[in-house]
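Subject: Structure handover

Hello,

Here is the structure I promised you. Please open it and keep it beside this email as you read.

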Amino acid sequence: MTTRVLTGVTTTGTPHLGNYVGAIRPAIEASRKADVDAFFFLADYHALIKCDDPARIERSRIEIAATWLAAGLDPERVTFYRQSDIPEITELNWLLTCVTAKGQMNRAHAYKASTDANEAAGEEPDHGVTMGLFCYPILMAADILIFNAHKIPVGRDQIQHIEMARDVAARFNHTFGAGRELFVLPEAHIEEHVATLPGLDGRKMSKSYDNTIPLFEGGAKAIKDAIARIVTDSKLPGEPKEPDNSHLVTIYEAFASADEAAAFRAALVGGLGWGEAKQQLVQLIEREIAPMRARYETLMANPEQIEELLQIGARKARAIATPLLQELRHAVGLRRFNAIAKPADHAEKAKGALPLFKQYREADGRFYFKLTSHDGRVLLQSEGFDAGRDAGQWVGKLKKEGAAALSDAPVSLGAGVAHDDVAAALAQLAAE
Ligand code: TRP
């Protein structure tokens, strides 16, 4: 069975080397596995929660799309699309909003972080909090559930959101599924073996620490300049270094084979100078990144090529999302009126579910009747009559008088049938 793996990236920034090593490279590697059906999307509705600068949104969307393509994402294999091209996501967002407890959203980390910061600053707890931020976990659940994705590779900070998506999916299944699993319950997948890349100062590489190494922005020169600023100890060339305490080594290892990493460590222990070590690191990173940078620049110069790929991706994605949403609308009662059963249909259908009198003639030439339950069990069996009319009269009497006529009627109960069963069946017929 193939596993559907889905990843989204919020389009507010420009990818740096830490994003490449920590998210982009492992996701692309995973998407190449034979048993994986990968979905990758630009979470541009999520970007609007954090950013009200249209120019930045526009730039980030195209940069991130070009980055992933340049880094080797194969749009033939992977369903690659923009969130905002899939209207079914926002429709589902509303259906989910209506089954999500507000109290649960109160506890979402992203929202809590804002209210905590406000309280610490002496502000109203909800100061500056939009409904977009408050409801963000629901939109994320819609992203995941609309494609019935199984596995969501995320950082630890996102685990709570995947749990909320599971919860809301389970509630929706329970409320509207009528015993069916409308939604798959997604699972968070934490890449344990992918180390987070340290930044120039040794803390996690992050824009908010201003310690990043650019990926494609600024070309090879920008990488070289950033690496020159990596903080090291002040040991001189010729002095033995301690590779275990060096984040420069950690960055090196993110791009090196095991043999190369061992040789680099040995050279440092043997006195390799930091300046020389940094040059080797630049070369190593360039070996992997330079060919991608060339593809990136071509793509950025031809945005219409990216647009076309994303349009194809949106069609592929909607081929899955549209029928599911149709089913969901039906499940919650948003149905076309011409699909509603007419009253006459109801009567027809109900008829099949009622007990039934049957009159017939046997090979002995005599006339009989029997009463069967809605599921075909024989409730009553008559004796044989010489005339069909007599059988008919008894049927009429039983229908009209119900159980009261039973004691005189020339009938016997079916095997294992109680008097009360017959009485109930006759009452049901009388009520018709
Ligand atoms: N919220 C995620 C982040 O900030 C991005 C995202 C949006 C996402 N929708 C998603 C990730 C669905 C995985 C699945 O990183």
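**Asn93 and its surroundings**

Leaving aside neighbours within four places in sequence, Asn93 is in contact with Ile138, Leu139 and Ala142. Contact here means heavy atoms within 4.5 Å. Asn93 is found in helix H4, residues 87-97. Helices are DSSP runs of H or I with at least four residues, numbered from the N terminus. A polar atom of the Asn93 side chain lies 3.2 Å from the backbone nitrogen of Leu139.

A word on the source. This is a predicted model, where local features need pLDDT of at least 70 and side-chain atom pairs count only at pLDDT 80 or more, while totals for chains, interfaces and linings use all residues. Residues are numbered from 1 along each chain as its sequence is written, and side-chain values use heavy atoms, with hydrogens and water left out.

**Domains 1 and 2**

The protein is divided into domain 1 (3-191 + 302-329), domain 2 (219-298) and domain 3 (346-431). These bounds come from an automatic or database domain assignment. The contact between domain 1 and domain 2 takes 10 residues from domain 1 and 9 residues from domain 2. The C-alpha centres of these two domains lie 34 Å apart.

How much area is buried between domain 1 and domain 2? About 870 Å², of which carbon and sulfur atoms give 58%. Buried area is the accessible area (1.4 Å probe) that two parts lose on being put together, summed over both. In domain 1, Leu17, Tyr20 and Ala70 lose the most area to domain 2, together 49% of what that side buries.

The rule finds 1 salt bridge across this interface. A salt bridge needs a side-chain nitrogen of Lys or Arg within 4 Å of a carboxyl oxygen of Asp or Glu. Arg25 forms a salt bridge with Glu288, and their closest N and O atoms are 3.0 Å apart. On the domain 1 side, helix H1 (17-31) and helix H3 (54-70) are the elements that give two or more residues.

**Gly313**

Gly313 is found in helix H14, residues 303-332. Is Gly313 buried or exposed? Gly313 is buried, because its relative accessible area is 4%, and buried means under 20% (1.4 Å probe, protein chains only). Beyond its neighbours within four places in sequence, Gly313 is in contact with Thr79, Phe80 and Tyr81. Gly313 and Phe39 are 274 residues apart in sequence, yet 9.5 Å apart in space, C-alpha to C-alpha.

Best wishes

Definitions and conventions:
Buried < 20%, exposed > 50% of the residue type's maximum accessible area, 1.4 Å probe, protein only. Polar contact = N/O pair within 3.5 Å; in protein donor to acceptor, adjacent residues only side chain to side chain.
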